[in-house]
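Please look through the sequence and the model shown here before reading on. The paragraphs that follow are meant to be read alongside them.

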Amino acid sequence: MRKVVGIDGTFLKGQYRGVLLVATAQDGNGQCYPLAWGIVDSENEDAWSWFLTQLKEIIGDTDELALILDRAPSIKKAISTVFEKAHHGACAWHVAQNIKNKFKCADIMGSYWSAVNAYRCEDFTGYMIEISNRYPRVAEYLENEVGFEKWSRCHYPGLRYNITTTNMVESLNSMLVNARDFPYVALLDVIQEKMSKWWNDRRIVATAITTPLTPSRESELRPRFA
């Protein structure tokens with residue numbers, strides 16, 4: 001499992017409201033591997049500090065760890081205090097939304113995403129020149145307010161591989177779209193039931209594997225070397 005963890009929260013819609021906090025990684029087959037769940041009253045610094053402290057007990061804190069999150073002030077401050085060694089990255093999708101909302105320049109998104117995914121710094125520089133020539137304020141925002149090292153793959157100080165967003169967390173939130181209306185205990189029962197089914201289904205698949213690679217990696221890499 002890659003040491004890349006996506007962290008995010010989603011609002012609950014039941015009688016008592018609150019927020020469901022989630023941390024997830026990806027398994028060797030590219031599927032979500034939830035690490036921690038937590039229900040808090042709201043997304044504030046105390047709530048995030050509590051959740052991240054519990055998460056740290058599970059996964060530790062090392063410079064080989066990459067944490068991907070949105071840029072909400074409460075989580076930024078909490079994560080810098082709790083995870084002092086891990087590298088912190090911004091969700092590129094949230095950054096893109098901020099750009100579109102703040103600068104009204106959706107037509108530059110192609111260059112932005114090319115810069116996000118560029119492997120080489122020279123390619124990245126070319127895409128940034130395109131952005132700067134058309135929208136200098138956007139280029140300044142990406143460099144000075146967000147920081148290249150937070151959203152660009154080639155500038156990221158750690159290893160985030162091809163994981164540039166918190167989409168894996170959003171997938172979990174979508175799975176619970178109806179259960180978010182439930183009371184807390186019922187919601188947790190749904191999560192437990194779904195996780196138990198996932199692990200059982202994946203165990204069945206894993207025991208049937210006859211190659212060194214997982215099914216998704218096998219289907220991705222085998223044609224390249226055929």
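The model is predicted, so local features need pLDDT of at least 70 and side-chain atom pairs count only at pLDDT 80 or more, while totals for chains, interfaces and linings use all residues. Residues are numbered from 1 along each chain as its sequence is written, and side-chain values use heavy atoms, with hydrogens and water left out.

Helices (H or I, at least four residues) and strands (E, at least two) are DSSP runs numbered from the N terminus. In helix α2 (residues 73–82), the buried residues are Ser74, Ile75, Ala78, Ile79 and Val82, where buried means under 20% relative accessible area, exposed over 50% and partly exposed in between, with a 1.4 Å probe and protein chains only. These residues lie on the same side of α2, because they cover an arc of only 110° around the axis, the arc being that of the directions from the helix axis to the C-beta atoms. An α-helix has 3.6 residues a turn, so residues three or four places apart point the same way. On the face turned away from the buried side, α2 carries the exposed residues Pro73 and Thr81. The cover over the buried residues of α2 includes β1 (4–11), α1 (45–59), β4 (66–69) and β5 (87–90).

The axes of helix α4 (residues 109–117) and helix α5 (residues 121–134) come within 8 Å and cross at roughly 155°; axes are lines fitted to C-alpha atoms, for helices over the stretch in contact, and angles run from 0 to 180 degrees between N-to-C directions. The helices α4 and α5 are therefore roughly antiparallel to each other, a class for angles over 145 degrees, whereas under 35 counts as roughly parallel, 65 to 115 as roughly perpendicular and the rest as oblique. Ser111, Tyr112, Ser114 and Ala115 in α4 meet Phe124, Tyr127, Glu130 and Ile131 in α5, contact meaning heavy atoms within 4.5 Å.

Helix α3 (residues 92–103) and helix α6 (residues 136–146) pack with their axes 11 Å apart, at an angle of about 135°, and α3 and α6 are therefore oblique to each other. Their contact is formed by Val95, Asn98, Ile99, Lys102 and Phe103 of α3 together with Arg137, Val138, Tyr141, Leu142, Glu145 and Val146 of α6.

Gln26 lies in strand β2 (residues 19–26) and is buried, with a relative accessible area of 19%. Beyond its neighbours within four places in sequence, Gln26 is in contact with Met1, Arg2, Val4, Gln31, Tyr33, Ile163, Met168 and Arg217.
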